[in-house]
Every structure is written in C-alpha cells, then in structure tokens.
Amino acid sequence: MDLIIDKLYERVKERGFVCVGLDTDYDYVPENMRKGGSVADALFLFNREIIDATHDITGIYKLQIAYYEAYGLEGMSAYARTIEYLKSKDLLSIGDVKRGDIAATAKMYAKAHFASEFAVDFITLNPYMGFDSITPYLEYLESGEKGVFVLLRTSNPGAKDIEYLEYEGRPLYYTIGDKLAEMGASYIGKCGYSSLGLVVGGTYSEEASEIRSRYENSFFLIPGYGHQGGKAEDIRLYLNDFNGGVVNSSRGIITAYKKHENGETMVGEHARDAVMTMLEDIYGNRR
C-alpha cells in the first residue's frame with residue numbers, strides 16, 4: 001500500500017521541494033481583492049491565486065492556522081475553503097496546528113484535523129508534553145492516508161531554551177528524535193521515509209549532517225529559509241538528493257508582489273517568480 005509520504009516524495013521529485021506557506025494575513029491581501037467581499041472571500045481569493053500560479057512547481061502547501069483563527073469564523077471559513085480547493089486540484093496540504101495535548105483531547109484534535117472540513121494530509125505536532133500526546137494520531141497514520149510532522153529542532157532563537165538542554169550528555173532534541181524515529185518505523189513507505197516526519201529548522205547548519213544521517217528514514221519539514229536567515233547551502237544539508245524534505249517559505253513567496261510597483265495586480269505571477277528563485281537558489285548548479 002502506498003502511504004501519503006510516498007505521494008509527497010513523488011511530488012517533490014516531480015515538482016520540487018518548495019513548501020508554500022499560506023500564512024495569509026488580511027493585511028497581505030491587496031485592495032483589489034478586498035472590494036465587495038468578506039474577509040473570508042478575500043483570504044480565499046488571495047490563496048487561490050497563489051495556488052493557481054505555483055501548483056506545478058510546489059511540492060506541498062502549508063496553512064498556519066493562527067492566521068485564520070485570528071479572523072474568527074470568517075478566517076476559519078477561508079481555511080476550510082482553501083483546503084477544499086487544494087483537494088479539488090489533488091494538491092497536498094499541511095495544517096500547521098502544532099497540537100500538543102494528551103489522551104482524549106489529542107484524540108479530538110486528530111479528528112478535527114484529519115476527519116472534518118479542516119482535514120489536511122499532514123499536521124504539525126508538539127511532543128514536549130510527552131509521547132502520549134503523539135499516539136492518538138497514529139491510527140490515522142496506520143490508514144496510510146495521513147501523516148504528521150513533529151517538532152524536533154526548530155528555527156526560532158528560543159529553540160535553545162529547551163530543545164538544546166543537555167540530557168544524558170547530548171541535546172534533548174536527540175532524545176526526542178530517537179524516540180520519534182522509533183515510533184515512525186511502523187509507517188515507512190516504499191520511498192524509504194516514514195509518514196511520521198520531523199520539523200527541523202534550517203537556520204542552524206552545525207548539526208545538519210548528523211541530524212540528516214541519524215534520522216535517515218525521517219522526512220523533514222524545514223522552516224527558516226529566507227526571512228529567518230536559513231541559507232541555501234545550509235538547507236541542502238538537510239535534503240537527500242533534493243528530496244527527503246520540503247523547505248517552507250511563507251512571506252517571501254506570498255508577499256513577493258509588494259516588492260514591485262503595481263504588483264498587487266500580479267500577485268500570482270510574483271509568487272511564482274519567488275518559488276522559481278528559491279528553487280534556483282537551493283539547487284544551485286546541481287540540478
């Protein structure tokens with residue numbers, strides 16, 4: 001049986017490793033998309049234009065749920081409509097929800113984001129409340145149709161407050177990662193990667209080679225490129241032959257139009273150019 005991770009692996013192989021982050025603030029939406037409609041309409045129309053312009057050069061799309069929750073029911077309507085639109089185009093999606101609760105609560109979070117109108121292909125999870133905060137999601141991985149990306153070592157400066165704490169002579173994130181890799185061994189697809197993937201920030205290159213080799217069966221969601229300071233040469237270290245991970249960029253793509261005079265009439269075109277520039281930067285002369 002092909003798993004969802006096999007589908008993602010093939011998409012990256014065909015279309016590239018870029019993950020377009022649809023972290024859509026209403027302030028990002030140009031005035032011409034706001035006129036005569038609701039907040040939900042504006043957010044969705046903006047997302048749709050970016051999706052239509054980039055789908056053939058994008059491996060997956062990530063929606064950070066906070067940007068939609070901030071606008072209440074209108075925002076969550078746009079979230080659901082965007083997910084439905086991605087499904088209608090057979091495009092893959094990550095719900096960046098970073099849930100991290102236990103027992104019955106986690107079970108309901110899993111139901112909300114894997115089996116409702118908010119259902120996506122992958123969601124992000126936070127393991128720092130304990131590994132029993134992950135297990136309620138595993139029944140969805142067993143179906144082969146869903147996957148998760150669990151926080152390992154993140155791209156924010158505050159990662160060093162907890163993730164880097166020494167535990168048994170090594171950073172805590174290695175203890176977390178080893179356990180997650182063990183859990184993920186039951187969900188390895190034909191591509192050699194598990195549907196239980198890891199979030200690994202691309203802003204620190206010092207440990208990159210060790211992380212990649214240590215978690216050879218883990219597919220990575222790699223934030224930090226662009227605005228957060230992750231450079232192409234660092235990002236390459238987390239990929240295997242430009243696969244085995246997806247590299248997220250949000251503002252650098254969806255607000256690219258703001259760098260151009262009258263760019264608000266060409267939101268999609270400028271987003272596409274930003275994806276192409278990102279691909280060329282990371283591939284370098286190795287494509």
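Colleague: How do helix 3 and helix 5 sit relative to each other?

Modeller: The axes of helix 3 (residues 39-54) and helix 5 (residues 72-88) come within 8 Å and cross at roughly 30 degrees. Helix 3 is therefore roughly parallel to helix 5, a term for angles under 35 degrees, while angles over 145 count as roughly antiparallel, 65 to 115 as roughly perpendicular and the rest as oblique. Axes here are lines fitted to C-alpha atoms, for helices over the stretch in contact, with angles from 0 to 180 degrees between N-to-C directions. Helices are DSSP runs (H or I, at least four residues), numbered from the N terminus.

Colleague: Before we go on, what kind of model is this?

Modeller: This is a predicted model, where local features need pLDDT of at least 70, side-chain atom pairs count only at pLDDT 80 or more, and totals for chains, interfaces and linings use all residues. Residues are numbered from 1 along each chain as its sequence is written, and side-chain values use heavy atoms, with hydrogens and water left out.

Colleague: Thanks! Back to the pair: which residues of helix 3 and helix 5 make the contact?

Modeller: Contact means heavy atoms within 4.5 Å. Helix 3 brings V39, A40, D41, L43, F44, N47, R48, I51 and D52, and helix 5 brings E74, G75, S77, A78, R81, T82, Y85 and L86.

Colleague: New topic: how does helix 3 meet helix 13?

Modeller: Their axes come within 8 Å and cross at roughly 50 degrees, so helix 3 is oblique to helix 13. On the helix 3 side are F46, E49, I50, A53 and T54, which meet V267, G268, E269, A271, R272 and V275 in helix 13.

Colleague: And where does L279 lie?

Modeller: L279 is in helix 13 (residues 267-283), and it counts as buried because its relative accessibility is 2%. L279 and I57 are 222 residues apart in sequence but 8.8 Å apart in space, C-alpha to C-alpha.

Colleague: Which residues touch the most other members of the largest nonpolar core?

Modeller: L8, F17 and I282, out of 96 residues in that core. Helix 13 gives the most to this core, with eight residues. A nonpolar core is a set of buried Ala, Val, Leu, Ile, Met, Phe, Trp, Tyr and Cys residues joined through side-chain atoms within 4.5 Å.

Key:
Helices (H or I, at least four residues) and strands (E, at least two) are DSSP runs, numbered from the N terminus. Buried means under 20% relative accessible area, exposed over 50%, partly exposed in between (1.4 Å probe, protein chains only).
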